[in-house]
Amino acid sequence: MQEFVYAKAPTGLTRDEIRLSLVKSLAGRTLLNVLIIPPDFTRYHSNAGLITNQYYHMLTEQGCTVDILPALGTHTPVTAEQAAAMFGDIPFQTFLPHQWREDLVTLGTIPGGFISGITDGLWKEPISAQINKRIMNPRYDLILSVGQVVPHEVIGMANHAKNLFIGVGGVDMINKTHMIGAVFGMERVMGKDHTPVRRILDYAMERFLKQRPILFVLTVCTAHNNDIHTHGLFISEDRSCLNAAIRLSQEKNIDFVTKGLRKCVVYLTPEEYHTTWLGNKAIYRTRMAMADGGELLILAPGIRRFGEDMQVDGLIRKYGYQGRLQTLDAFQNEDNTDLRQNMSAAAHLIHGSSDGRFSITYAVKNIAKDAIEAAGYQAADYDTMIKRYDPNSLSYGYNTLPDGEEIYFIPNPALGLWINQERF
């Protein structure tokens with residue numbers, strides 16, 4: 001089955017156009033039990049909520065039993081409020097939590113020799129391919145993997161097999177792929193296909209899940225003013241949907257700036273961003289656009305802590321965002337067993353630093369200034385900064401303030417990647 005639809009209007013596909021493609025994707029199938037794997041609330045702007053809702057009603061109206069397993073990765077479970085906001089009127093009891101340390105089966109191993117060959121020898125350890133046990137449950141006639149293709153700091157372009165092996169995967173795959181992405185270098189992967197982590201997931205998909213009834217449903221969206229525009233919908237059982245979605249996402253989700261940004265202001269909506277683990281998208285997605293010596297100011301009223309869980313939060317507070325080399329030194333120190341046992345946290349610390357190339361200032365309401373500074377960032381008073389850089393009075397892109405200060409404003413970094421054209 002293959003269904004690729006491109007929006008003709010800049011406002012994107014209509015609900016009816018999306019629904020028609022979803023109806024086509026189910027045509028001719030006899031289904032009793034279906035598992036839907038959408039993203040969690042951190043991918044609110046993927047339009048996967050609407051798609052999941054439409055699938056749910058189509059299937060249940062036909063007498064089908066539907067379970068929904070959000071692809072949490074290491075994130076906190078979806079709350080009832082988040083589920084209602086993103087997925088509409090689907091009963092909350094339909095949502096199953098992915099427990100990434102427990103609900104797993106091991107499918108096989110990606111050999112160290114293969115990984116060494118695709119990482120220029122930077123990583124040589126094998127990876128255990130684990131996945132939520134429900135994916136392998138034979139009672140499901142169809143598994144719908146719903147998500148968005150967008151530039152990503154670990155894999156290059158998000159989704160497809162990532163939704164499975166990372167989104168509902170196990171600790172070994174999550175930890176090691178994040179570390180591989182960090183060691184290989186974000187600038188070498190962001191916005192690109194066939195990166196080391198993508199090739200690892202392609203390997204696992206081809207060898208371990210080829211016989212499962214998985215249908216990928218991928219979107220390409222923009223949402224500069226928090227209005228979701230779905231520019232393409234790509235549905236298939238194989239990788240062809242990813243190939244087409246990547247090409248469109250590279251066109252829609254990568255913004256080139258004409259010169260390095262001296263001052264960039266990023267706003268993180270409080271509904272979506274509660275931790276620096278998520279909020280650091282502001283750093284990942286802008287670092288290739290920032291000028292040497294520039295300043296990145298992150299306005300984050302909803303940030304309440306650093307990690308998604310308290311174990312990771314403690315690691316971030318202990319080691320801080322101190323740069324790639326210092327983090328690698330700490331990771332390689334055999335005395336630091338807590339960090340060595342949590343590679344995804346170590347990778348996150350690397351991703352969240354500018355390595356001193358530009359300054360990073362967080363303006364938050366719910367974390368003490370000294371805690372922000374101890375974690376390796378500069379801190380600014382939120383109330384002061386929001387008066388000067390009011391998101392409601394700024395336009396996406398270049399702005400000149402009344403006193404002549406020039407800034408580049410990004411209202412939400414989740415759906416984009418910004419690159420300095422002079423360096424690309």
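This briefing covers the sheets, helices, cores and aromatic contacts of one structure.

The model is predicted: local features need pLDDT of at least 70, side-chain atom pairs count only at pLDDT 80 or more, and totals for chains, interfaces and linings use all residues. Residues are numbered from 1 along each chain as its sequence is written, and side-chain values use heavy atoms, with hydrogens and water left out. Another open sheet of six strands runs S15-S14-S13-S12-S17-S16. The largest nonpolar core has 106 residues.

**Terms for helices and strands**

- Helices (H or I, at least four residues) and strands (E, at least two) are DSSP runs, numbered from the N terminus.
- Two strands pair if DSSP finds at least two bridges between them.

- Strands S9 (residues 214–222) and S10 (residues 229–236) are antiparallel and share seven bridges.
- Leucine 218 has phenylalanine 234 in S10 as its bridge partner.

- S16 and S17 (residues 406–410) run antiparallel and are joined by four bridges.
- Glycine 397 stands opposite phenylalanine 409 in S17.

**Cores and a covered helix**

- Buried means under 20% relative accessible area, exposed over 50%, and partly exposed in between (1.4 Å probe, protein chains only).
- A nonpolar core is a set of buried Ala, Val, Leu, Ile, Met, Phe, Trp, Tyr and Cys residues joined through side-chain atoms within 4.5 Å.
- In the largest core, the residues with the most contacts inside it are Ile110, Phe165, Met173, Met179 and Ile298.
- Not counting residues up to four places away in sequence, the contacts of phenylalanine 165 include Leu107, Ile131, Met173 and Leu209.
- Another core lies apart from the largest one and has 33 residues, among them Leu26, Val34, Met58 and Ile235.
- Helix H14 (residues 343–351) is mostly covered, with nine of its nine residues buried.
- The cover over the buried residues of H14 includes H6 (171–184), H11 (310–319) and H12 (324–332).

**Aromatic pairs and charges over rings**

- Rings of Phe, Tyr and Trp (its six-membered ring) pair if their centres lie within 6.5 Å; planes under 30 degrees apart count as stacked, over 60 as edge-to-face and the rest as tilted.
- The structure holds 10 aromatic pairs.
- Tyrosine 6 and phenylalanine 234 are edge-to-face, 5.1 Å centre to centre with 80 degrees between the planes.
- This pair links S1 with S10, 228 residues apart.
- Tyrosine 6 is partly exposed at 43% relative accessibility, whereas phenylalanine 234 is buried at 0%.
- The rings of phenylalanine 114 and tyrosine 203 are tilted, because their planes stand at 40 degrees; the centres are 4.7 Å apart.
- A charge sits over a ring if NZ of Lys or CZ of Arg is within 6 Å of the ring centre and within 35 degrees of the ring normal.
- Arginine 207 lies over the face of tyrosine 203, 3.7 Å from the ring centre.
- The charged end of arginine 340 sits over the ring of phenylalanine 331, at 5.9 Å from its centre.

**Asparagines with positive phi**

- Most residues other than glycine have a negative phi.
- Asparagine 47 has a positive phi of about 65 degrees. Asparagine 47 is in the loop between S2 and H2.
- Asparagine 159 has a positive phi of about 90 degrees. Asparagine 159 is buried, with a relative accessible area of 7%.

How values were computed. Contact = heavy atoms within 4.5 Å.
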